[in-house]
Amino acid sequence: MAFFSSYTGNTRRGGWTNSLLPSSNPKSKLPRKSRKRTFLKDLIFANFFTIGLLISILLFIAVVFLYGIPKPLSSHFKPRNSRIAKLRKPFYRKPVASDGGNEVASGAVVDITTKDLYDKIEFSDVDGGPWKQGWRVNYKGDEWDSEKLKVFVVPHSHNDPGWKLTVEEYYEQSSRHILDTIVETLSKDARRKFIWEEMSYLERWWRDSSETKREAFINLVKNDQLEIVGGGWVMNDEMTEGNMWLNDTVGVVPKNAWAIDPFGYSPTMAYLLRRMGFENMLIQRTHYELKKELALHKNLEYIWRQSWDVDESTDIFVHMMPFYSYDIPHTCGPEPAICCQFDFARMRGFVYELCPWAQHPVETDQDNVQERALKLIDQYRKKSTLYRTNTLLVPLGDDFRYISIDEAEAQFRNYQLLFDYINSNPSLNAEAKFGTLEDYFRTLREEAERINYSVPGEVGSVQVGGFPSLSGDFFTYADRQHDYWSGYYVSRPFFKAVDRVLEQTLRASEIMIALLLGYCQKSQCEKFPINFSYKLTAARRNLALFQHHDGVTGTAKDHVVENYGTRMHTSLQDLQIFMSKAVEVLLGVRHEKSDQNPSQFEPEQVRSRYDAQPVHRAITAPGGSAQSVIFFNPLEQTRDEIVMVIVNKPDVTVLDSNWSCVKSQVSPEWQHDKGKIFTGRHRVHWRASVPAMGLQTYYIANGFIGCEKAKPAKLKFFANSNPLPCPTPYACSKLEGDMAEIRNQHQTLIFDVKLGLLQKISHNDGSQNVIGEEIGMYSSWGSGAYLFKPNGDAQPIIQAGGQMVITEGHLMQEFYSFPKTTWDKTPISHSTRIYNGDDTIQQFLIEKEYHVELLGQDFNDRELIVRYKTDLDSKRIFYSDLNGFQMSRRETYDKIPLQGNYYPMPSLSFMQGSSGNRFSVHSRQSLGVASLKNGWLEIMLDRRLIRDDDRGLGQGVMDNRPMNVLFHILTESNISSVANPVSSSLPLDPSLLSHLVGAHLNYPMLAFIAKRPQEISVQPPSRSFSPLAASLPCDLHIVNFKVPQPLKYSQQPLEDSRFVLVLQRRQWDSSYCRKGRSNCSNIGDEPVNLFYMFKELAVLNAKATSLNLLHDDVEMLGYLEQSVDVAQEGHVLISPMEIQAYKLELRPHQ
C-alpha cells in the first residue's frame, strides 16, 4: 500500500522543494489549479492555430471540475477562503471485491487501515531515548528554507466534569476561576489566544457571571482570541446539547473538535462530527506503538473515512498528537525534560509539581531569551519533522490550568518574549505565536493548497489534498509498557446499565412530548409538556454529564460516581412521572386537567435509590376487579412480543383493550438467595401487540368469568442438598439425569445439570451448535479502574451441585441455576429463557440473564467473565460494535498481551465460522469482549479491584452493586455467499434480524400500571394510541423524534419548524435471511414520505439539517442528494449507514 512507501530523498518529506513542480509520475495527483492556469496559458500560445482542439480540452476540463474524476487524477483545489463551505459531489471509487466469492464488499478505498497497522507493528516496546516511545529525532536544518516553520501555541485547560471531585466541586474550586482568568488576561493583549471545550462548565459560569463578563467573553470569541472547540456538554460527547446552548447564548457554532482525553477513539465520532458540520478534529490517546508507526511515515495527520464509504462523503481531517500525554512536557517536542522547562506554571511559587526531570523552568529575560528560544525552537523543529507540513501545533495546557491571573500571566508573558525573539530573527525561518485550533487548521490547509505534500500513489481525499486516508478505530488504547486500558470497558457496570436506561427513557419521553405537542390544537394543552421542559432539559444534561470520559467509563472516585448516579436517578424519576401523565393524555383519559394532578398510572418498574436494581411492582387485583397495564412501544414498527408483569396471586386472567380473552402463563419469580430462591410472587406472561410509537392497554383481572386463567407452568427441580419446596399452584417434579432440555418450535437447549450451564443448541433442521457456557474469574493484582492486567487465564468457578429449576410453559421456558462455587456466597446466578410466539422476534433468540453480586473481600482483585466455547471455526476473528452504530473487525494477536485483545462491546459482538454460521450476543449495557481461542467468545461482567493503577484516580474499584446483565443470543446460518473474515479487513454487518433483536433489547416496551383497580362489571372503552400511518421499513430507525427547544415552543413562529425527526438507515448482511425470520413487510430501499408519516397530522416546512440541528446548508455535510431534498414532495431515501436529521412542523388535520 502507499502507506508503506518510504521517503528516500535528501530533503524533508521526500523532496518538498521538488513538489512545487508538476510531478511526472503518472500515479501522482493533478497539480493545483493555479498551476493549471499557467499551463493552459502556455498551451494557447504554443497551439494558436489549433483552437478547435483547445476548445475541446477546455470543455473536458469544465466537465472534470463539474463532476469530478476518479483518482489518481483528482484535483485538490478548494476556494481559498471558503473552508469547505460547499463540498463537491461525493466522489465514487469502485468497491473492492472481497475474497468471499462473487460478492462485492462495499468498502472504502484508503491508504491506511488500523488492521494494516496492527498486522505490521511488532509491539516490541523499544526504548527510544528521550522520546521513550519513539526515536531520537534529528533534522538537517534546511527543511524550512523555502517554507518557514509556522508555530501555533494553543493555550488550553482540560476541565473534567467530574473525576476526583464532582462537577460542582471542580466548578467552585477551579473552573469558574479559570474562565474568569481567561476573560481578564486575554482582554489585556489581542495577541493572546485560548480554546475552551466543556459547555457544562461554561453554561454554569454564564449563569453566575455579570453582563460585563459575558460581553467580554463574546467579544473575545468575535475577535478570534477565544475559540470554542467541540462544544460538547462534556469532552467529545453530547454535541447537540452543548452546540445548541452555545449558539443560543454566544451565537457561535464550533467547527473544530478537540478530544485530548478519551481513552481510545471510534470512527463513529468522526462520522457524527462530519454530519454536524465539523471540518477538523484533534485526538490524543491512541496506542503509543500506532503513534510511532504513523509518525515514521508522517501520517499523524490524515483523512478519517468510514469503512463503508465508497463516495468519500464522510471524510474529516484529523490531527493526532504524537506523544505520551497532552501536558506541556509532552507537547512542545519529543524531549519532555526540555519541554517541562517551558511550563512556566511549574516555577517555584505556583501550586503545581516541579519538573520530575530536575530541570525546572526559569523566568525569561533579556539575558537568557536567546538560549531559551533556541532550545525551544529546537523542540518545535523536531516535532515538525513528524508531520508533512511546516505548520505546527503546540498545545499549552494541562488539567485545570490557568486557575489564577498570576499563572496565566507567567505563561503568556514568558512565551511572548520567546516568540518576539524567534520572530525577530529571520535566520531561524520560523514564526511563533499564540493561536486557536482554527488558526492552526486554516493555516495548514492554506499551506497544503500551495504545496503538494501527497505521496506518489496515495489515495488521499478530494476534500483536503496532501494527506493519506485512513479507516478503522483506535481501540484498545495503551499508554506505556503494554498497559492496556481495557479495564474501563467494565468498571462500574451497574452505572453503565443505568446510563442506558436513562438514555432510552429520555428518548421515549422526547417522543411523547413531540406527540403531545403535535396533536395539540390549542394553547391549553401545550402547558403540560412545556411546563416539564425544565426537568426535560435537566435530564438531557444529567445524561450528558455521565457521558464524560471519566463518568460512563467508571473511572471516577466513589463520591463522584454517587453524584452521577444520584443525578441520573433523579432524572429517571422525573421522566417516569411525566410519562405516566403523558400516557393519560395520549389515551384520552386526561384531557386539559392541571398537570399538578397526580397521574392514574405509575411505572411498572421502580428504583428505590440511585444504586438499587429496578424492582417490578406487583399487581394486586382484588376479586371482581381488573388492573390496567399500558404498554408504550418506542420503536417505529408494530411490536408483537411476549410481555411479563408481576402479580401477588397467580389466579388471574389477561384481557385486551376490547375486553377479549388473552392466553397467558404464570410461573414463580426467582431471586438470588440460596435459602429462598422463590420470592413468593408470580410472573404472568402473555403475547402483546403494540402499535409503532404507540400505546396499548391490557387488563389483569381477578374473577373474570368466561376466560381461562393464566396457565401455571410445570416445574422441575434439582438440588444436591436441601430439596426445594414446591410453590402453589404448580406441579413439580424432580430433574433426572445428567442433561436437561428446554425447547420451543425452533430450537432445543441442552444443559449440563451438574453445573447448570448451557452446552448445546439443537435446531429443528437437525443441525447443532456447541455453546459450551463457562463462568470464570481472573485474578488480577495489577488491574485498576482503567487497566486490565490479569495474572494468567480466567479459571472456571462453577462446581457440581447447586440448585436448578426448569420452568415449562406454553409461552416461556426457563432454566434457572443457582450454582455452587467455592465461596459460601455465590457471586452469580443465571436464567436461560426461550419464548414461543409466532411472528415474534423472541422466538428465535435465547435470553441469558446473569445476576451478579461481586461483593465482599472474597472477590478482591477478581474479574468475573462468562465464556461461550462454541464449535465455530472463527480463527479468533470476531466483530464488536462501536457506539451501537457500526461493527468493527477484531482479531486476536499473539504479539499482544491478553488484555490488549479485549475490546469494547457497547451492545453487540458476534463470531462467524468458515461455513457462514454466526453466533451473536446482544447486550443491554456496555461491557468488554475477547475471543482468546478459536470459536470462543468471552464477555467480562464485573470487576472488583483493591489497587489504584497509577493513572491518577488514587483508588481501586470496590463499590460493586448487585446487578443483572441481560444478553440476547442469536445463532444464524448463512443462506448465500460467505465473506471470508480472515482475508478481509472490512467489518461484517449484522443481519436484519440481528438488528431488530438489538433494537428490542435496547429500546424495551415501557409498562405503566393503574394505581387503582376497576370493577370488571363495567367494560371500559377501548384505549389505544397509534400515531404512525404505517410501520416504517425494518431497516429504518427513528433515532429520535423531539422538540429540541420546548421552552421556546410557544414563542417560535411555525416557519421555524419546531420538531426534529432523526432517522438512521441500518446496513445489514443480506446473506442471512433477507426478510424471512424478521417478519419485515418492507425495507428502506423505497422512499418514505414524511408528509404522510403520521395519522391526522400534517407535516409542513420539512427540511434536512445537520445532526446538531445548526446547519441547514446540508451540502457542506457530505450527504448524498437523495437523502436531503424533502421540501417539495416529502420523499426521504436514506443510504445505508447514514443518519439524517429533518426539521419539520406538525399541525393536526382540521
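This is a predicted model: local features need pLDDT of at least 70, side-chain atom pairs count only at pLDDT 80 or more; totals for chains, interfaces and linings use all residues.
Strand β55 covers residues 1139-1148 and runs antiparallel to β53, to which 7 bridges join it. Both strands belong to an open sheet of 4 strands, in which the order is β50-β51-β55-β53 and the pairing is antiparallel. At the edges lie β50 (1036-1042) and β53 (1097-1105), each of which pairs on one side only. On average, and with direction ignored, neighbouring strands of the sheet are turned by 30° against each other.

Helix α15, formed by residues 493-519, lies across β50, β51 (1059-1065), β53 and β55. Relative to β50, helix α15 runs at about 65°.

Two packed helices are described by the angle between their axes and the distance between the axes. For helix α5 (residues 167-188) and helix α7 (residues 211-222), the angle is about 60° and the axes are 10 Å apart. Their crossing is left-handed. On the α5 side, the contact is made by Leu 179, Asp 180, Ile 182, Val 183, Leu 186 and Ser 187, which meet Lys 213, Ala 216, Phe 217 and Leu 220 in α7. Sorted by class, this contact of α5 with α7 holds 7 nonpolar, 1 polar and 2 charged residues.

Notes:
Residues are numbered from 1 along each chain as its sequence is written. Side-chain values use heavy atoms; hydrogens and water are left out. Axes are lines fitted to C-alpha atoms, for helices over the stretch in contact, and angles run from 0 to 180 degrees between N-to-C directions. Helices (H or I, at least four residues) and strands (E, at least two) are DSSP runs, numbered from the N terminus. A crossing is left-handed if the near helix is turned anticlockwise from the far one by less than a right angle, and right-handed if clockwise. Contact means heavy atoms within 4.5 Å. Ala, Val, Leu, Ile, Met, Phe, Trp, Tyr, Cys and Pro count as nonpolar, Asp, Glu, Lys and Arg as charged, and the others, Gly among them, as polar. Two strands pair if DSSP finds at least two bridges between them.
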